[in-house]
Amino acid sequence: MSEQKAIQDQIPGNHCFGCGPENERGLRIKSYWDGEDKTRCEFLPLPHHNAGPQQYLNGGIIATVIDCHTVCTAIADAYRQAGRDPGTGDKIWYATGKLEVNYRAPAAIDKPVILEATIIERSNRKTLLHCTLYSSGRVCATAEVVAVRVPDNW
Ligand SMILES: CCCCC/C=C\C/C=C\C/C=C\C/C=C\CCCC(=O)SCCNC(=O)CCNC(=O)[C@H](O)C(C)(C)COP(=O)(O)OP(=O)(O)OC[C@H]1O[C@@H](n2cnc3c(N)ncnc32)[C@H](O)[C@@H]1OP(=O)(O)O
């Protein structure tokens with residue numbers, strides 16, 4: 001079986017700090033389908049992504065990777081619903097309408113974090129997703145995200 005290409009690497013023109021392959025100084029997360037309505041992402045923090053205490057991952061970085069993983073999932077899902085491969089035909093973009101994060105436990109700076117996103121509901125213009133972020137098998141954050149479809153000129 002051929003290896004799956006990351007969602008982000010199928011969509012050209014994305015300069016986002018969290019997920020844009022075209023942002024050289026960004027986090028460049030990679031998300032993959034992992035079941036019908038689920039995606040997965042593994043992100044290895046860098047030492048300077050720390051919170052006040054140096055051993056923990058910064059909360060803003062946690063919010064960013066959740067934001068990007070879920071919004072990219074909504075974009076890939078919209079291509080799928082349209083019956084097209086991501087990045088083909090007219091561009092489909094979503095922006096974050098709502099991002100609500102619950103920080104449940106600190107995430108270690110020196111261990112990979114795993115993100116699992118699930119599509120809960122979709123309509124023409126918006127997608128509701130849940131996301132769980134794990135570090136060393138422990139739930140460190142959960143989130144609810146509303147991704148809203150925006151035009152090319154957004
Ligand atoms: C090569 C060319 C490249 C061009 C790139 C172009 C675009 C790029 C766009 C995205 C980036 C692409 C890829 C990157 C992927 C992920 C990166 C992370 C994403 C971000 O980092 S992005 C930055 C932070 N983000 C913002 O900067 C948004 C500011 N904001 C707005 O721009 C508007 O506010 C907007 C668009 C959100 C909505 O405005 P709007 O006028 O289009 O739509 P409207 O208000 O009518 O809402 C429509 C339906 O969404 C529901 N809805 C809206 N807001 C809701 C909320 N908060 N909670 C629950 N439901 C909500 C309504 O209830 C209605 O639902 P219903 O249809 O059921 O009635």
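**The hairpin around Ser 136**
- β5 and β6 make a hairpin with two residues between them, and Ser 136 is in that turn.
- Ten bridges hold β5 and β6 together in the pairing, and the two strands run antiparallel.
- To find the pairing on screen, look for Ser 135, which stands opposite Arg 138 in β6.

**β6 and its other partner**
- β6 also pairs with β3, again antiparallel, through ten bridges.
- A handy landmark here is Thr 96, which has Ala 147 of β6 opposite it.

- Is Cys 131 buried or exposed? Cys 131 counts as buried, because it has 23 C-beta neighbours inside 10 Å, and the cut-off for buried is 20 or more.
- You'll find Cys 131 in strand β5.
- Leaving aside neighbours within four places in sequence, Cys 131 is in contact with Ile 66, His 69, Thr 70, Leu 115, Glu 116, Ala 117, Ala 143 and Val 145.
- Tyr 94 is 37 residues away from Cys 131 along the chain, and their C-alpha atoms are separated by 17 Å.

**Another positive phi**
- Arg 28 also has a positive phi near 50°, and it isn't a glycine either.
- Look for Arg 28 in the segment before β1 (31-33).

**The chain as a whole**
- The chain has one helix and six strands, and reading along the sequence gives you the pattern β-β-α-β-β-β-β.
- How does the radius of gyration fit with a compact globule? A compact globule of 154 residues would come out near 15 Å, and the chain has 15 Å, so the two agree.
- Along its principal axes, the C-alpha trace spans about 45 × 35 × 30 Å.
- Of the 154 residues, 32% count as buried.
- Take the contacts between residues at least 6 apart in sequence: 62% of them join residues at least 24 apart.

**Around the ligand**
- How many residues surround the ligand? There are 21, and the closest are Gly 13, Val 71, Trp 93, Gly 97 and Lys 98.
- The elements that give two or more residues to this shell are α1 (59-81), β3 (93-103) and β6 (138-150).
- β3 gives the most, with five residues.
- By residue type, the shell splits into eleven nonpolar, five polar and five charged.

**How confident is the prediction?**
- The mean pLDDT of the chain is 96, and 99% of its residues reach 70 or more.
- The model's other scores are ipTM 0.91 and pTM 0.95.

Notes. Residues numbered from 1 in each chain as written. Predicted model: local features only at pLDDT ≥ 70, side-chain atom pairs only at ≥ 80, totals over all residues. Near = placed C-beta within 6 Å. Helix = DSSP H or I, 4+ residues; strand = E, 2+ residues; numbered from the N terminus. Nonpolar A, V, L, I, M, F, W, Y, C, P; charged D, E, K, R; others polar. pLDDT = per-residue confidence, 0-100. Rg over C-alpha atoms; globule rule 2.2 N^0.38 Å. Buried ≥ 20, exposed ≤ 12 C-beta atoms within 10 Å, placed from the backbone. Contact = placed C-beta atoms within 7 Å. Pairing = 2+ DSSP bridges.
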